[in-house]
Amino acid sequence: MDNKSYSQLFEIANKNMQQSGKTFDRRRAAFFYYIKNDPYKIDILNLLEVEASNQEFIDIAYMTFFDHLADDDSIKRYENMLLLPHLEFRRKLICELMNSQEAKNIDKKILNFTDKSEYALEQKFLQKIMVRILPVYQKMPDRLKKYIRIILRAGEK
């Protein structure tokens, strides 16, 4: 689908939300992220790279992990973290959501940054490495990024 189709879908969804008494205020970024990604898998590297403010990222992360937007209480809970640097905020939010009971109940496949496996210690070590190399990874050409993701997925099996 092209951007025009996605925009039309967003407008329809937004009208439906307004009729139910809710709005998509800053949630447009979450909507577009959600429809462009696999709803059954969470690629953490892809999630960390999304272009959005920290406030928008809360909704994006909630849509990604739980298939719904963050409620007002959840948004308030993260207000004190909003001033953190971009990457630190995202890492903390992702770790908290990933380890929540709701995420365990939904049980989506988490790629490229998981601590849910039986090899938790090894995975935590890999997580630390991945977070540290993220700035370098973000500057790599797309072909190299694709190759790295293939290698990481092979290591999960």
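**Rings and charges, tested against the cut-offs**

Q: Why does Phe65 count as buried?
A: Phe65 has a relative accessibility of 2%. Buried means under 20% relative accessible area, exposed over 50%, and partly exposed in between (1.4 Å probe, protein chains only). The value of 2% is under 20%, so Phe65 is buried.

Q: What kind of model is this, and what counts in it?
A: This is a predicted model, where local features need pLDDT of at least 70, side-chain atom pairs count only at pLDDT 80 or more, and totals for chains, interfaces and linings use all residues. Residues are numbered from 1 along each chain as its sequence is written, and side-chain values use heavy atoms, with hydrogens and water left out.

Q: How many aromatic pairs does a search of the whole structure find?
A: The search finds three.

Q: What makes the pair of Tyr62 and Tyr78 edge-to-face?
A: Rings of Phe, Tyr and Trp (its six-membered ring) pair if their centres lie within 6.5 Å; planes under 30 degrees apart are stacked, over 60 edge-to-face, the rest tilted. Here the centres are 6.5 Å apart and the planes stand at 65°, so the pair is edge-to-face. Tyr62 sits in helix α4 (residues 54-66) and Tyr78 in helix α5 (residues 72-78), 16 residues apart. Helices here are DSSP runs (H or I, at least four residues), as are strands (E, at least two), numbered from the N terminus.

Q: Why is the pair of Phe65 and Phe66 called tilted?
A: Their ring centres are 6.2 Å apart and their planes meet at 50°, so the pair is tilted.

Q: What makes Arg77 and Glu96 a salt bridge?
A: Their closest N and O atoms are 3.9 Å apart, within the 4 Å limit.

How values were computed
Salt bridge = Lys/Arg side-chain N within 4 Å of Asp/Glu carboxyl O.
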